[in-house]
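Walk through this structure with me, one spot at a time. Keep the model open as you read.

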Amino acid sequence: MAFNASDHEFMAQALRLAARGLFTTDPNPRVGCVLVKDGVVVGEGWHERAGEPHAEINALRAAGSQAQGSTVYVTLEPCCHIGRTPPCVDALLEARVARVVAAMPDPNPLVAGQGLRSLSAARIETASGLMQGDAEALNPGFVKRMRTGLPYVRVKLAMSIDGRTALGSGESKWITGEAARLDVQNLRARSSAVMTGMGTVTHDNPSLNVRTDGAVRQPLRVVLDPALDMRPDARILALAGQTLIFTACPDGASRSALEAAGAEVVGVDGDESRLDLGAVMRRLGEREINELHVESGATLAGALLEAELVDELVLYVAPLVMGDEARGLFHLPALASMAERVELDIVDVRAVGRDWRITAKVFVASS
């Protein structure tokens with residue numbers, strides 16, 4: 001179906017509304033909705049938090065009786081199943097809207113086109129695919145989890161201009177400036193979970209929480225601790241929010257002490273030196289983790305890259321030179337040939353204070 005300039009204008013408005021839920025809707029997708037009648041917006045809304053009304057319901061409430069005969073622009077196909085809230089399709093039918101334009105079909109198998117088909121069966125004009133790429137970009141984690149059962153993995157790294165993440169001694173505070181560090185807080189805030197390895201916990205004793213102004217949802221903190229070496233007095237356990245520890249050694253006194261400190265300890269396949277990262281990702285997908293934000297050292301970052309589990313890299317590049325003895329970005333086995341190299345697609349480059357942020361998607365070799 002051909003879309004006109006007005007269709008694009010109103011869907012762009014719906015996408016802007018959807019983005020307002022960037023930090024709050026998890027594990028639900030970010031969705032916006034605009035109702036238009038005779039070329040005028042009569043209602044708009046967005047999904048604000050899981051368990052609260054969806055975007056369509058908020059827009060219908062804002063429109064009131066003017067919803068009848070209107071065109072609905074929504075960034076995700078209306079749901080047709082009962083989840084935390086009733087189906088949006090029923091509310092649209094009751095409001096007697098005339099047309100529904102969805103940016104993308106819902107990848108949730110419980111919907112997967114059925115919402116639009118139900119509306120069409122009731123003689124409501126439907127269309128989808130308008131600005132679909134923009135809609136998917138708002139919800140990379142939800143889309144991937146619904147299609148594969150796995151979270152979208154974003155690895156954040158900070159480096160000098162010569163590709164170093166720390167001095168040989170391990171000292172790394174601070175490579176980047178304050179603006180870049182504040183920018184990282186937004187990446188954490190939009191994520192379902194923040195993950196690191198035990199090496200980082202031992203060396204840096206990090207918080208891994210979101211530190212921004214105003215009330216925020218704290219993402220799940222995840223630590224990969226193969227030998228269950230975590231100390232119960234680690235800073236990460238003393239903060240608000242939940243900490244999940246994956247280990248290959250789930251039994252014994254260490255587990256009891258960590259659980260008493262508030263952690264959840266889960267056993268997965270592996271040994272005392274390394275966990276099955278694929279199994280970790282599957283467990284996180286089962287927990288409705290959409291976007292997984294990783295802040296770690298070169299060992300875990302390299303292992304994730306080697307296992308082809310990284311979807312996106314966010315690299316903060318500081319105008320510093322740290323020298324040959326400093327540590328690199330990834331610990332990876334030597335390549336036998338250039339054919340084994342990891343290729344990236346750089347999708348965004350921008351200045352953040354004195355530093356540069358490079359966002360790149362990882363190309364995964366086809367089987």
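The charged end of Arg20 sits over the ring of Trp46, 4.7 Å from the ring's centre. For a charge to sit over a ring, NZ of Lys or CZ of Arg must be within 6 Å of the ring centre and within 35 degrees of the ring normal. Arg181 lies over the face of Trp174, at 4.4 Å from the ring centre.

This is a predicted model: local features need pLDDT of at least 70, side-chain atom pairs count only at pLDDT 80 or more, and totals for chains, interfaces and linings use all residues. Residues are numbered from 1 along each chain as its sequence is written, and side-chain values use heavy atoms, leaving out hydrogens and water.

Now look for rings that pair with rings. How many aromatic pairs does a search of the whole structure find? It finds one. The partners are Phe10 and Tyr73, with ring centres 5.5 Å apart and planes at 40 degrees, so the pair is tilted. (Rings of Phe, Tyr and Trp, the last by its six-membered ring, pair if their centres lie within 6.5 Å; planes under 30 degrees apart are stacked, over 60 edge-to-face, the rest tilted.) Phe10 lies in helix α1 (residues 5-18) and Tyr73 in strand β3 (residues 71-74), so the pair ties together parts 63 residues apart in sequence. Helices (H or I, at least four residues) and strands (E, at least two) are DSSP runs, numbered from the N terminus.

Is Phe10 buried or exposed? Phe10 is buried, at 7% relative accessible area. Tyr73 is buried too, at 4%. Buried means under 20%, exposed over 50%, partly exposed in between (1.4 Å probe, protein chains only).
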